[in-house]
Amino acid sequence: MRTIARLTLIGCSALAGACHHSSDDPPAQNNPPPGPTAGLDARPSNLTCVAPAKGGGNAGTTIALQRVFPNLTFTQPVAMLQAPGDNSRWFVLEKTGAARVFANTANVSTASTFATLTVNSNGEGGLLGMAFHPSFATNGQVFLSTTEGSPMVSHIARYRVNSGGALDTVNREIILRLNQPFDNHKGGNIAFGPKDGFLYVGFGDGGSGGDPQGHAQNTKDMLGDMLRIDVDHGTPYAIPPDNPFAGGNRPLCSAGANANDCPEIYAFGLRNPWRWSFDSPTGDLWVGDVGQSAREEIDRVSRGGNYGWNCREGLIAYTSPGAACAARQLSDFTNPVHDYDRNQGQSVTGGYVYRGSALPALVGRYVFGDFGSGKIWRLVDNGTGGFTAQELLDTNLAISSFGQGNDGELYVVSYGSGGADGALYKIVDGGGSAPPAGPPVATQLSATGCVNPANPSQPASGLVPYDVAAPFWSDGATKERWLAIPNGTTIGVGADGDFAFPNGTVLMKHFRLNGNLVETRLFMRHPDGDWAGYSYEWNAQHTDATLLSGSKSVTIGSQSWFFPSGNDCLACHTSAAGFALGLETAQLNHEFLYASTGRTANELRTLDSILMFPTPLGDPALQPKMPDPFDTTAPLGNRARAYLHTNCAQCHRPGGPTVSSIDLRYSTALTSTAACDAVPQAGDFGLANARIIAPGAPDRSVLVTRVDRRDASQMPPLASTVKDTAGVTLLRDWITSLTSCM
């Protein structure tokens with residue numbers, strides 16, 4: 001899960017260097033003219049390289065998201081629900097342990113505390129689910145799903161409302177425990193079945209990567225399973241008699257491994273059933289099961305079903321199946337009703353079958369989303385018993401959950417986004433007909449307006465070149481970078497030095513191998529505020545490049561080159577890091593040769609001089625500065641931290657999209673990174689006494705091991721097939737030099 005930094009749009013400023021003012025030029029600022037220390041004389045006019053409006057999926061209906069309860073924001077919200085029969089209030093769960101309640105009125109300004117729990121919210125743990133007893137109105141019972149303690153243990157517990165209207169968290173009754181081997185893949189959602197009144201509990205496979213212990217196929221523990229228990233009978237619960245492993249006087253399962261099949265299991269073979277729901281009229285159970293590295297899936301779960309993990313991922317065989325899969329065929333498992341690849345998203349968020357009245361075209365359709373891409377789809381019957389996914393909306397949100405009101409209308413819970421963090425949205429009619437499908441940008445790079453059409457290897461005149469002190473590892477490619485913002489706009493600078501770009505911005509990057517152009521990427525902030533990435537593949541003659549519709553791998557010389565899809569771009573260009581990576585004061589506070597003038601000058605001073613910022617940054621000597629990781633004149637520790645900042649911190653930072661809570665930003669003290677001398681929670685690769693960073697011992701450091709791999713456990717996790725040997729050496733030398741975490 002992740003918290004996303006909000007980007008703030010900045011007002012307009014004058015264009016420098018013009019002999020006259022156009023009608024949309026604001027009054028000139030009182031900035032000094034460019035001096036001899038600036039690399040450029042004036043800000044170029046940019047009329048051609050501006051991000052266009054996006055296209056959309058032709059779904060046969062259009063929806064929009066309407067911000068609701070705009071005076072409220074939440075910290076890492078993961079669920080939104082109403083109590084049975086009570087339309088007057090909403091409840092929101094915060095992953096960090098608070099359940100909040102507020103009135104269902106548009107201008108509500110206060111959310112009260114319904115419960116505050118002590119939870120272990122590391123990784124994917126925390127307060128993960130809440131279910132009201134079907135008779136809540138009379139018995140006041142509420143069930144919560146949490147992870148607690150260290151080592152982490154999942155708890156399902158019964159609470160009761162006290163006389164003040166909040167939950168009595170002191171006298172809770174723990175119903176069920178489950179030991180968690182790692183901090184990821186918890187699942188944790190809970191709900192009562194609308195037809196049978198039993199409590200359903202969805203648990204993930206326990207974490208690490210690939211479920212190497214085969215928990216999801218092991219029915220002698222409760223990891224990777226959908227459970228069903230009767231909380232109204234038994235001590236602490238009874239087993240519904242038609243559960244698949246009921247009968248035979250089997251004892252209730254313990255929190256760990258057991259000698260017998262667990263009678264609590266309703267279905268199994270799940271990787272991480274993060275969000276799921278019942279369709280109340282039919283009783284159908286719809287599950288969004290998060291994938292490993294290739295496929296995301298939607299399952300319609302039924303009693304006794306085996307959904308295939310870790311033998312299969314979606315509809316395909318998993319690349320590293322467990323021993324229990326050796327004699328199995330794909331046909332041995334229950335198929336998902338839909339799966340999709342990483343071109344569409346990276347982490348499915350299960351939704352609901354729409355049962356409201358405001359959107360007739362959605363009635364009876366399952367609506368779901370993706371945490372990584374922000375897309376929302378509906379499933380439509382394909383006429384042969386299966387389903388086709390139709391995209392309804394491509395958003396900028398990190399969709400952690402959906403909510404369904406008692407009236408059947410649907411809501412979206414944003415864990416964080418390019419809009420407000422921790423905000424709630426309602427799905428409403430988008431009006432009009434669906435926009436045309438397809439990308440908004442030109443198929444040929446030469447027609448984008450961002451390059452010289454006569455020589456696409458050269459930028460258009462409105463682009464400003466830049467370079468970064470600590471570049472991202474790109475399999476040995478050399479890179480050229482430019483930025484373009486619309487005329488009349490400026491670049492904001494946050495308190496952390498990160499640049500905030502206006503709508504319409506385009507960032508362009510050329511990649512060369514052995515001097516030859518291989519790929520050009522455009523990263524655009526469209527007029528609606530969404531960022532999106534586009535990859536262009538250069539032809540063999542190096543005369544033009546063509547837009548790719550998805551990811552692609554080709555062999556160039558002796559190496560494989562990976563072209564990322566648009567969603568792959570957003571996996572690294574995270575909203576937590578402000579989307580536009582590398583463009584921050586510390587990264588640009590260095591000398592750069594401007595080819596158009598032949599001058600070498602400080603990049604910050606140059607951008608200041610040509611009025612790219614709303615107010616001057618001032619003397620670069622007073623701004624933060626990051627070293628080149630391979631400049632041996634700089635301190636070793638600073639160089640290693642700069643390398644980690646560029647290659648890791650876009651995800652490994654507060655609110656980042658990783659299961660780990662480590663913070664590898666350059667500005668974070670080593671002792672505060674939660675990485676130094678820390679026990680790894682996502683696999684130790686068999687290292688004895690492993691630590692994420694083991695001072696003085698690179699061979700015990702998981703961080704080094706991940707950078708030194710090129711497989712499913714590598715770091716960075718995608719778009720690289722070639723090991724950065726110099727980077728590995730740098731990290732090893734640094735860790736060897738450490739005597740402590742101070």
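Leaving aside its neighbours within four places in sequence, which residues is Met226 in contact with?

Modeller: The model is a predicted one. In it, Met226 touches residues from several stretches of the sequence, once neighbours within four places are left aside. The contacts are Tyr200, Val201 and Gly202, then Glu264, Ile265, Tyr266, Ala267 and Leu270, and finally Trp276, Leu285 and Val287. Met226 itself belongs to strand 12, which covers residues 225–229. Its relative accessibility is 0%, so Met226 counts as buried, the cut-off for that label being under 20%. As for distance across the protein, Met226 and Asp496 are separated by 270 residues in sequence, and their C-alpha atoms lie 43 Å apart.

Glu296 can be described in the same terms. This residue sits in strand 16, residues 295–301. With 0% relative accessibility, Glu296 also counts as buried, because the limit is under 20%. A polar atom of the Glu296 side chain is 3.0 Å from the backbone nitrogen of Gly291.

Val348 falls in strand 20 (residues 348–353), and Asp370 falls in strand 21 (residues 366–370). Strand 20 and strand 21 run antiparallel and are joined by four bridges. Within this pairing, Tyr352 stands opposite Val367 of strand 21. On its other pairing, strand 21 is joined by three bridges to strand 22 (residues 375–381), again antiparallel. Here Phe368 has Trp377 in strand 22 as its bridge partner. Strand 21 and strand 22 make a hairpin with four residues between them, and Gly374 in the turn has a positive phi of about 75 degrees.

How covered is strand 21? Five of its five residues are buried. In a regular strand, side chains alternate between the two faces of the sheet. In strand 21 both faces are covered: Tyr366, Phe368 and Asp370 are buried on one side, and Val367 and Gly369 are buried on the other.

Elsewhere, four strands form an open antiparallel sheet in the order 2-3-4-5. Its edges are strand 2 (77–81) and strand 5 (112–116), each of which pairs on one side only. From one strand to the next, the twist averages 25 degrees. Inside this sheet, strand 3 (residues 89–94) and strand 4 (residues 98–103) pair over five bridges in the antiparallel sense. Arg89 has Ala103 in strand 4 as its bridge partner.

Now the whole. The protein contains seven helices and 40 strands. Its C-alpha trace spans about 85 × 60 × 55 Å along the principal axes. The radius of gyration is 27 Å, which agrees with the value near 27 Å for a compact globule of 742 residues. Of the 742 residues, 56% are buried, Met226 and Glu296 among them. Among contacts with a separation of 6 or more, 58% join residues 24 or more positions apart. The accessible surface comes to about 28400 Å², and carbon and sulfur atoms account for 50% of that area.

Note on methods
Residues numbered from 1 in each chain as written. Predicted model: local features only at pLDDT ≥ 70, side-chain atom pairs only at ≥ 80, totals over all residues. Heavy atoms only, no water. Pairing = 2+ DSSP bridges. Helix = DSSP H or I, 4+ residues; strand = E, 2+ residues; numbered from the N terminus. Axes fitted to C-alpha atoms, helices over the stretch in contact; angles between N-to-C directions. Buried < 20%, exposed > 50% of the residue type's maximum accessible area, 1.4 Å probe, protein only. Polar contact = N/O pair within 3.5 Å; in protein donor to acceptor, adjacent residues only side chain to side chain. Contact = heavy atoms within 4.5 Å. Rg over C-alpha atoms; globule rule 2.2 N^0.38 Å. Areas by Shrake-Rupley, 256 points an atom, 1.4 Å probe, with all protein chains shown as cover.
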